[in-house]
Amino acid sequence: MANESLTLAKYIVDTDYGDIPRDVAAVTKRSLLDATGVILAAGKLGEGCKQFVSLAIEQGGKKESTILGFGVKVPACTAAFANGSMSHALDFEDTHDRALVHPNAAAIPAALAISESRGNVSGKELITALTLGSDLVFKVGSCCERECG
């Protein structure tokens, strides 16, 4: 297993925007817009979303990353939690049928929170991170389907 983890880590570290096919980058950009819209809608319509946001705000901490639609900053991991919860709330997130996962519901909130907290992240770096994050969720989901299904 360690060898596979090392191979996967090397793939993530060694991949840059120029390695991503144009059509894949275009799908990633559409997925980012879609996920943002779903998160914003869920903040108003999603059952339990206001409670997730309240919990995130009550946790306090360094103001690093935005909870989308609420105009408040919280620690990056807390923003990823709140935005990730909202990304699932309406059940409109992207689905990968073969792996039976929602890759962007995990990757997009995490990437947005980390990029905002780090600052100076280019659009190409963000699209690369989103593409690789989604790919990683798919790969792990595919393994689980083979091993557990």
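Predicted model: local features only at pLDDT ≥ 70, side-chain atom pairs only at ≥ 80, totals over all residues.

Residues are numbered from 1 along each chain as its sequence is written, and side-chain values use heavy atoms, with hydrogens and water left out.

Q: What makes up the protein, and in which pattern along the sequence?
A: The protein has six helices and two strands. Helices (H or I, at least four residues) and strands (E, at least two) are DSSP runs, numbered from the N terminus. Read along the sequence, they give α-α-α-β-β-α-α-α.

Q: Why is Leu130 called buried?
A: Its relative accessibility is 1%. Buried means under 20% relative accessible area, exposed over 50%, and partly exposed in between (1.4 Å probe, protein chains only). Leu130 is at 1%, so it counts as buried. Its place is in helix α6, residues 123-148.

Q: Which residues does Leu130 touch, not counting those up to four places away in sequence?
A: They are Thr28, Leu32, Ala107, Ile108 and Ala111. Contact means heavy atoms within 4.5 Å. Leu32 is 98 residues from Leu130 in sequence, with 8.2 Å between the two C-alpha atoms.

Q: Is Leu126 buried or exposed, and how do you know?
A: Leu126 has a relative accessible area of 17%, so it is buried. Leu126 also lies in α6. Residues up to four places away in sequence aside, Leu126 touches Leu32, Ala111, Leu112, Ser115 and Val121. Leu126 and Thr28 are 98 residues apart in sequence and 9.9 Å apart, C-alpha to C-alpha.

Q: What makes Thr36 partly exposed?
A: Thr36 has a relative accessible area of 23%, and is therefore partly exposed. Thr36 belongs to helix α2. Its C-alpha lies 8.5 Å from that of Ile108, 72 residues apart along the chain.

Q: Why is Ser85 called buried?
A: The relative accessible area of Ser85 is 16%, so the label is buried. Ser85 sits in helix α4.

Q: How much of the protein counts as buried?
A: Of its 149 residues, 36% count as buried.

Q: What makes Asn120 stand out in phi?
A: Asn120 has a positive phi of about 55° although it is not a glycine. Most residues other than glycine have a negative phi. Asn120 is in the loop between α5 and α6. Its relative accessible area is 83%, so Asn120 is exposed.

Q: Why are α2 and α4 called roughly perpendicular?
A: The axes of α2 (residues 22-45) and α4 (residues 76-89) cross at roughly 90° and come within 8 Å. Axes are lines fitted to C-alpha atoms, for helices over the stretch in contact, and angles run from 0 to 180 degrees between N-to-C directions. Angles under 35 degrees count as roughly parallel, over 145 as roughly antiparallel, 65 to 115 as roughly perpendicular and the rest as oblique. α2 and α4 are therefore roughly perpendicular.

Q: Which residues meet where α2 contacts α4?
A: Val38, Ile39, Ala42 and Gly43 in α2 meet Asn83, Met86, Ser87 and Ala89 in α4. They divide into five nonpolar, three polar and no charged. Ala, Val, Leu, Ile, Met, Phe, Trp, Tyr, Cys and Pro count as nonpolar, Asp, Glu, Lys and Arg as charged, and the others, Gly among them, as polar.

Q: How do you know how α3 runs relative to α4?
A: The axes of α3 (residues 49-59) and α4 come within 9 Å and cross at roughly 175°. So α3 is roughly antiparallel to α4. The residues of this contact are nine nonpolar, two polar and no charged.

Q: What makes a pocket, and how much space lies in the largest pocket?
A: On a 1 Å grid over the protein atoms alone, a pocket is an open set of points where a 1.4 Å probe fits, with protein on both sides within 12 Å along at least five of seven lines; lining residues have an atom within 4 Å of a point. The largest pocket holds about 370 Å³. Of its 20 lining residues, the closest to its centre are Arg118, Val121, Glu125, Leu126 and Ala129. α6 gives the most to the lining, with eight residues.

Note on methods:
Points joined across faces, edges and corners; volume = space filled by probe spheres on them.
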